[in-house]
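Here is my note on this model.

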Amino acid sequence: MLDLVIKNAKVFTPSGYFEGDIGVKDGKIVKIGDIQEQSDKTLNVQGKYVVPGLIDGHTHMEFPFMGEVTADDFYYGTSAAVGGGVTTIVDFVTPSRGQDLLSAYQKWRETADPKVISDYGLHMIIREVNPTIMEQIPEVINRGVMSFKLYMAYKGELMVTDGELFKLIREISSHGGVVGIHAENGEVINELVQEYIREGKVDPIYHYYSRPDEVEIEAANRVASIASLIKGVTMYQVHTSTGEAVDVMSLYRSKGMNYFNETTPHYLILTLEALKKPDGFKYIMSPPLRSDDQRTKLWQKLAAGDIATVGSDHCVYSVSQKKRHKEEVPSFHEIPNGVPGTETILPLLFYFGVKKGKISMERFVEVISTNPAKLFGLYPRKGAVVPGADADFAVIDPERKVKISPDVLHSNIDYTIYDGIEVEGWNVATVRRGEVVMEEGQITAKNGSGVYVPGKSLK
């Protein structure tokens, strides 16, 4: 007796698609083909597309930053995730200043475990270097946190120096960890921000002018060069917003380096024009939104295979938080950086990518599921449709037309940066380890029913 049979599935994988049934037992895929065996539950997906559950490799739930904590806790954030077909998030442990890595990891586990609906993995942010931090890196990896994020921006808050970058990259790589990089030149940004403030240029659009394309491109070049001095590096540049930064990593990859890029839906869909709108403060994230030319470059590089993953950088602040709890919009440099996105990865990438002919379904599955699973040590438990893998699926109605609005989403805020955009193709059911946790917009899973999934070292 099976627990679940998904009938009449058209399943897409990076190597193509197949049609048939999927049998699930004890949360795992156990059979694929024509299944006649009885089951406790049957999900008929005739006419729908089935893809492996999405893995959002970039979320910030309950993230303490710029004096605020993001509005989505692990319950609301993972509700939004499963609403959009995301069955696994990889969130960022953020140690407070002076806190060691292991105690920060433990705090994140204690915070997340009782609340999560999706499954989850963890990255570790390192914001300072001392002997304790360096000594704890291998133990953090042993606990399944095998990717680390280092910042080249946010001076005085998260940024590390070039010398610290070198030491950290060498230590992380020696233990088979993955190095995530926020690539922006923090020193130059700091100077530009101060100049604009002195000149009274404080509208949201100056967030873009204070972080021009070049500060990302320079930082990508710099960190790629630094890391090339170290053997065995696996590095990925998170939330890449420029085609030129992708070119940097691609060049080093052609020389045999394991360098990769992640981008996000907001760089593929929106442009800096959003910052000029009356509610432009809602669109402030870093790196900032770019030109239409950069948006076009990113689509081309995504289609060509030069961008490995698409994550959301889901970092949600309420309107009140964005405005610093005041009536007037504050100066651009005071607005918390971050936007929502985990629930809309699937429809945006499916409609503007697959439906518009920019990418294939195979690339779609690669960048939103299989590649992040491989990069963060979760494959083949996650990101694969094979016997023995977790039974994680998103079920897409390819013809469903939906106008995106807060009413159809599950995040703990009353706006979306994609408000009013109409898409064709919508996630209508989410299966997490064999349990239907969302169907037709209704979340049915219980708090804490998600589990921590440790990553495996690439060594």
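1. Start with Tyr154. Tyr154 is buried, at 15% relative accessible area; buried means under 20%, exposed over 50% and partly exposed in between, with a 1.4 Å probe and protein chains only. Tyr154 sits in the loop between β11 (147-151) and α4 (162-174). Helices (H or I, at least four residues) and strands (E, at least two) are DSSP runs, numbered from the N terminus. Phi of Tyr154 is near 65°, a positive value in a residue other than glycine.

2. A word on the basis. This is a predicted model, in which local features need pLDDT of at least 70 and side-chain atom pairs count only at pLDDT 80 or more, while totals for chains, interfaces and linings use all residues. Residues are numbered from 1 along each chain as its sequence is written, and side-chain values use heavy atoms, with hydrogens and water left out.

3. Arg324 also has a positive phi, about 55°, although it is not a glycine. Its place is the loop between α11 and α12. Arg324 counts as partly exposed, at 22% relative accessibility. For background, most residues other than glycine have a negative phi, and most peptide bonds are trans.

4. Two cis peptide bonds deserve a check. One joins Ser286 and Pro287, with omega about -5°. Pro287 is in the loop between α9 (265-269) and α10. Another runs from Tyr379 to Pro380, with omega near 5°. Pro380 is in the loop between α13 (361-375) and β16 (393-403).

5. Ser241 lies in the loop between β13 (234-237) and α8 (243-254). Ser241 is buried, with a relative accessible area of 0%. What surrounds Ser241? Leaving aside neighbours within four places in sequence, Ser241 is in contact (heavy atoms within 4.5 Å) with Glu216, Tyr267, Pro287, Pro288, Arg290, Gln294 and Leu298. The side chains of Ser241 and Glu216 are joined by a polar contact of 2.8 Å. A polar contact is a pair of N or O atoms within 3.5 Å; within protein, one must be able to donate a hydrogen and the other to accept it, and residues adjacent in sequence count only if both atoms are side-chain atoms.

6. Next, the helix pair. α8 and α10 (residues 292-304) pack at an angle of about 35°, with their axes 8 Å apart. Axes are lines fitted to C-alpha atoms, for helices over the stretch in contact, and angles run from 0 to 180 degrees between N-to-C directions. Gly243, Glu244, Val246 and Asp247 in α8 meet Gln294, Lys297, Leu298 and Lys301 in α10.

7. Which residues of α2 are buried? In α2 (residues 101-112), they are Leu101, Leu102, Ala104, Tyr105, Trp108, Arg109 and Ala112. They lie on the same side of α2, because they cover an arc of only 160° around the axis, taken from the directions from the helix axis to the C-beta atoms. They pack against β7 (64-65), α1 (74-83), β9 (86-93), β10 (119-125) and α3 (131-142). At the start of α2, a side-chain oxygen of Asp100 comes within 3.2 Å of the backbone nitrogen of Leu102.

8. Last, His333, in the loop between α11 (319-322) and α12 (345-355). His333 is partly exposed, with a relative accessible area of 33%. A polar contact of 2.7 Å joins its side chain to that of Ser331. Beyond neighbours within four places in sequence, His333 is in contact with Met66, Val193 and Ile197. The C-alpha atoms of His333 and Tyr206 are separated by 8.7 Å, and the two residues are 127 residues apart along the chain.

Key
The expected span of a helix is 1.5 Å times one less than its number of residues.
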